[in-house]
Amino acid sequence: MNKTIIAVDGLRKRFGRTVALDGMSFTVQPGRVTGFVGPNGAGKTTTMRVILGLDAPDSGTALIGGQPYRALRRPLCHVGSLLDAGALQPSRTARNHLLWLAHSQGLTARRVDEVLEGAGLTTVARRRAGGFSLGMRQRLGLAAALLGDPPVLVLDEPFNGMDPEGIIWMRGFLKTLAAQGRAVLVSSHLMSELQDTADHVVVVGRGRVIADASVVQLLAATANGRVTLRTDSARAATVLADAGGTVAAAGVGVLSVSGLATDAVVALMNANGIGFSEVSAHRATLEEAYLELTRDAVEFKAVSR
Amino acid sequence: MRALIQAEWTKFRTVPGWVIGMAIGGVLIVAFGLLPGIQGSCGQPGSGSECVLPVGPEGQEVSDGFMFVHRPLSGDGSITARVASMTGMLPPGPNDDKMREGVAPWAKAGLLIKDGTTQGSAYAAVMLTGAHGVRLQHNFVHDKAGKPGPPGSARWLRLTRTKEKITAEESADGTTWTTVGTVTLAGLPQTVQIGLFVTSPQHAEGANESLGSFGSYGGPTMATAVFDHVTPVGSLTGTRIGGPANKYADELGGFEETGEGVFTITGTGDIAPAVGGPAGIGASISDTLLGTFAGLIMVVVISTMFVTAEYRRGMMRTTLAASPRRGRVLVAKAAVVGAVSFVVGVLAAAVVITLGQKVLRDNGAYVHLASTATELRVIVGTGVLLGVTAMLAVGLGALLRRGTTAVTVAIVTTALPYLLVMSVLPPTAGQWLLRIAPAAAFSMQQSLVEYEQVANLYLPVDGYFPLSPLAGGAVLAGWAVAALVAAACFLRRRDA
């Protein structure tokens, strides 16, 4: 059922003595938002540049629907991209910025007005892009990416500089795009931005993929079946340990139990007459999962510097 | 490719600064051209000078001044004479004020057939020159060499008319004759004037071939020739054609019959196409395009920035993501600014050529006539000069990427050599530079014609370029192509 639309295979690239990409491989599927996350310097932007034919890898391939980007004749109709929202000629108006892009793909001014409306920029279309806030530039960049109505979107840090309202708008927008059947690859160095947005996450560090999994799998792996119990009783820990659980104190009157299911914990408490105010299955955040995965990559960087 | 050009055109026209900058370039050219730069005294009240040059049978403005000792000739006939000797006077050198003895290289003494004594009328002449041997010349612009021979050696000459055909012969001894050539003077009337003539042209010489202090000096020259064995000997009249030429004509110009068939004749002036520069007079239509360099600088700055601004803003990545065929992007950019600059150049030059001439004439400067074809070539040439230079600037911008570096290099490559040549460089270095630098294409603005048979310095400052318009344009085009090809190679190989 999966139809790979971006295939990145074994990318390697060095800038002088710095290894930027060290065997980067992953695929992106249509119909979902794929988060592309990793610490700064992990190779996210370089990978995206290689996908877009801007940088040449030392080895490896990046294919769009089986073709290298540079072979695409009207590329914006295959892949929409947003790399740097600040890449604008300040004295050119937003509409004219989109107009030259449209002309380069043989598209008309009508399409420009459509995407301006889609990005909520109609009212500022004839204002100089130089006066735009970073959030507005991101919207303009997104409008540019959608000019050719492409089945694939490659967006580098689109949440940067957006206010909370903008972030909510962007999340909804990305979900809508994926629901339309598009493949959406979104990079971010903040996992929290992708919470509730990404369906799938590719975690990278030091130029290679650390984890490539669905968000559900990733959370399950991190949560590791832990149960949080809130009780004042000193006996609780002993009872739970005797029943085969691993118990750790997680604060004053809070125990973190692993190896026992939630209902088993409740039964044990009731059987031993121990009162408790709360028992809950621990829900890991994407942030925790990400931090756990990238700890090595970050530590290595800290040492090597 | 069409889509790419349309995209680049949209980019260009949507940045007001670039459009305005190009317009300013055109305005600068016009402003310089209409400023009253060159002053003169032609037609000014009280000067009595109307500054009208005679026009030759073939339409060129000409100098037609000489001492003519002649008689009428009806129908066919001939004249034979020996130029026994030539002497002359040259103007003082730069550091003294006394006339020097010597014969100007293009001093002329010989035989002449002319349609009357009006300046500019048709003629054919065979002559001995100061340093260029025997020549057959007719109707001012045509020149054919006979035998060189050592300067100052006596030479027999003969000129024969057969209807409209004039045949020139020369001989070292009066016995063995060789034909120099035959020319046709179309529409020559039954009666013409035939006789002996002497003239000696304006002299110009460069002084001080060093940086920044080049000067030229010169002045009128004079030649005296002794003719003997003049046959047929008839009653000859002396007429000074042209004038009021100069002090030599007034004081010394004349002739003397010193024996049977022996004449001593002194003359000054020239029978030749009119030229500009040190040995000539007046301004040319090209002088009105003085401001081209200023317009060129604007065009170069904007064309370079058209590329480097994209690098500065990171927009080159947007451009190359939209158009991965990078060489074509460069070509489209070059085509757009090239076309815009061409139009700016053509419009500005058209205005300046039309109005600037009037300004110069109103200032009393003499402006050489130029044919419509020449005017069109100068106008289109100005457009080509700006357009192709803009393309060169695009190439440099893509090669160097950094705005300040690229703009500096582009100006140093294109406009600076021209400015140096026109200001401080000695002529030899200047002419050398104008053969190899992109500024060689300024030759497309040359309107004056350089004649080998007219002694002059023919300097770039006076509007004479070392290369022809076509060759100069080709040099610039070569630079532009080289820069664009190199830029395309780099653009393809480098990460964006």
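At what angle do the axes of helix α1 (residues 2–13) of chain B and helix α2 (residues 16–34) of chain B cross? The views below are of a predicted model, in which local features need pLDDT of at least 70, side-chain atom pairs count only at pLDDT 80 or more, and totals for chains, interfaces and linings use all residues. Residues are numbered from 1 along each chain as its sequence is written, chains are lettered from A in the order in which they are written, and side-chain values use heavy atoms, without hydrogens and water.

**View 1. Helices α1 and α2 of chain B.** The two axes cross at roughly 80 degrees and come within 6 Å. Axes are lines fitted to C-alpha atoms, for helices over the stretch in contact, with angles from 0 to 180 degrees between N-to-C directions. α1(B) is therefore roughly perpendicular to α2(B) (65 to 115 degrees). Helices are DSSP runs (H or I, at least four residues), numbered from the N terminus. B:Lys11, B:Phe12 and B:Arg13 of α1(B) meet B:Trp18, B:Val19 and B:Met22 of α2(B).

**View 2. The largest nonpolar core.** This core has 154 residues. A nonpolar core joins buried Ala, Val, Leu, Ile, Met, Phe, Trp, Tyr and Cys residues through side-chain atoms within 4.5 Å; buried means under 20% relative accessible area (1.4 Å probe, protein chains only). Among those with the most contacts inside it are A:Ile6 and B:Phe12. Helix α6 (residues 326–362) of chain B gives the largest share, 13 residues.

**View 3. Around A:Ile6.** Leaving aside neighbours within four places in sequence, A:Ile6 is in contact (heavy atoms within 4.5 Å) with residues including A:Phe26, A:Ile51, A:Val152 and A:Leu185.

Note on methods:
Buried < 20%, exposed > 50% of the residue type's maximum accessible area, 1.4 Å probe, protein only. Helix = DSSP H or I, 4+ residues; strand = E, 2+ residues; numbered from the N terminus. Parallel < 35°, antiparallel > 145°, perpendicular 65-115°, else oblique.
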